[in-house]
Amino acid sequence: MIRDITIGQYYPADSAVHKLDPRVKLFATLIYIIALFVFRGIAGFAVITAALAAAVHISKVPLSYMVKGLKAIVILLFITGIFNLLFTPGDVVYWSMGPFKLTDTGIQNAVLMVVRLIYLILGTSLMTLTTTPNQLTDGLEKALGPLNRIHVPVHVIAMMMSIALRFIPILIEETDKIMKAQMARGADFESGNLLQKAKNMIPLLIPLFVSAFRRADDLAMAMEARCYTGGAGRTKMKPLRYNRRDAVTYLCILVFLALVVVCRVFLP
Amino acid sequence: MGIIKASKLVHEFIRRDEEGNVESITTALDQVDLDVKEGQFIAILGHNGSGKSTLAKHINALLAPTEGSLWVDGMDVQKEENVIPVRKTAGMVFQNPDNQIIASVVEEDVGFGPENIGVPTDEIWQRVEKSLAAVGMTKYRNHSPNKLSGGQKQRVAIAGVMAMEPKCIVFDEPTAMLDPNGRREVIRAAHELNREKGVTIILITHYMEEVVDAVYIYVMEKGKIIMDGTPRQIFARVEELKAHRLDVPQATLVADELRRAGLDIPAGILTRRELVEAILSVRESRRG
């Protein structure tokens, strides 16, 4: 189940998108999300679709692989669709029963919301699929660097993120191990109602937390032993440097945003 | 003076209750004297709770002594300004391979130490290259540490310490969580570093087989050093080791039993080859 989720996983490939500076990709994702929420009309939608299709094509990530990532949000999509469909008031009512009614605005909204969500997931997962977690945290650290001046510990936050990402697979494996060990001792994680199930998780969560704290302690010691003293005075093995590709991409992103805005303002 | 010198080192773990009253005192190190020369490969043996890990953490300035003194490369570890230089001089490899790898790519983890001590980018790459080659892990440089075996992870950890170019590396039970193959890999890597780069190695372990190639052995129990000497001297005292519930290498044990059964075999046999030769020479002398 956990392994099916492709959001947040890295898809190794040799493409221009993979080689982009993570800061560019973060910026692009931000603009993309903004565009998704300001666009209006078929023209704007076409611009966004074209941009997404182009990015996916250049990235060499197979579309089928990305669509698999949508499985995780099928239920969310379904609920969003149904609610928008049945509860939106509108001018033309096609059908109604009690509090439920089917209207023209409702249909429009439902389609729009579902498409928006799908595009949101596709776009953001494209970023995580083409950027290693380390690049991502490096990019965040560098991009948010100016916040250091108002005493936001940017380096520490980035370090915590990258360590968290490193330990996710280890902790998943551990959860699996503890689960099996507790099942061998007669623990039951399957039956009962929701409350019962939550209660049954206790023998899983407590050992997991204990072990996580122990690991954290060990790791802190190992980091200290290797002279880690925080961000000050640190050099970088892989410093981030912009090159021409990044500049061109920045330009493309701005053109894209301008197009979406133009479509919203001037076209119906 | 050697690279690591301890004199009358004492460390006490003090437990306090909520009001801050002393509940109990555990003496983890009790008047420990240690003298390691540069370029030596020495081993510290002992059971769990014998104080050997506590001693290791002192050498890296992760713990400070309660009493006594410890110098690493002439630097007093108790001085605050010496902490970072001491850690640069004496690196440390820990027991659990998963809990000491920080980055999610092998080469980035090896670069972590040099990044911390402010090595310029170009030189970090050179050091990473050299360290990975030294432990034979160059092939895996772009892998995720999660996909490696235990022995490989420990070798990455060793490379990570190597990249900081320490004069001395303390191995704190590096093989306790590994299978026999991984154990051999790690011990071999440690010996190679010692032989080829002249790095002083302090190997802490409770596996007797791993220490037979050391130059000098310290045996610890209850925070005290109870025996010290060359492997041959130590393993000649089979009875004494048994009394402390410590194993001896299998070959040594067999040799000891044979000697007690009346065969003329010298004390302090360490390896299978030596045992075979001793038995053969006994046969020769009987014929002759």
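The model is predicted, with local features needing pLDDT of at least 70 and side-chain atom pairs counting only at pLDDT 80 or more, while totals for chains, interfaces and linings use all residues. Residues are numbered from 1 along each chain as its sequence is written, chains are lettered from A and ligands numbered from 1 in the order in which they are written, and side-chain values use heavy atoms, with hydrogens and water left out.

Me: What makes chain A and chain B partners in contact?
Reply: Contact means heavy atoms within 4.5 Å. By that rule 26 residues of chain A are in contact with 37 residues of chain B.

Me: How many Å² are buried between chain A and chain B?
Reply: Buried area is the accessible area (1.4 Å probe) that two parts lose on being put together, summed over both. Here that is about 2900 Å², and carbon and sulfur atoms give 54% of it. Arg166(A), Arg226(A) and Met237(A) supply 31% of what chain A buries against chain B, more than any other three residues.

Me: Why is the pair Glu108(B) and Lys238(A) called a salt bridge?
Reply: The term requires a side-chain nitrogen of Lys or Arg within 4 Å of a carboxyl oxygen of Asp or Glu. The N to O distance between Glu108(B) and Lys238(A) is 2.9 Å, so the pair qualifies. Across the interface of chain A and chain B the rule finds 5 salt bridges.

Me: Why do β1 and β4 of chain B count as paired?
Reply: Two strands pair if DSSP finds at least two bridges between them. Strands β1 (residues 4-16) and β4 (residues 67-72) of chain B are joined by 5 bridges, so they meet the rule, and they run antiparallel.

Me: What makes β2 and β5 of chain B edge strands?
Reply: The open sheet has 4 strands in the order β2-β1-β4-β5 (chain B), with antiparallel pairing. Both β2 (22-36) and β5 (75-76) of chain B have a single partner strand, so one side of each is left without a neighbour in the sheet.

Technical notes. Helix = DSSP H or I, 4+ residues; strand = E, 2+ residues; numbered from the N terminus.
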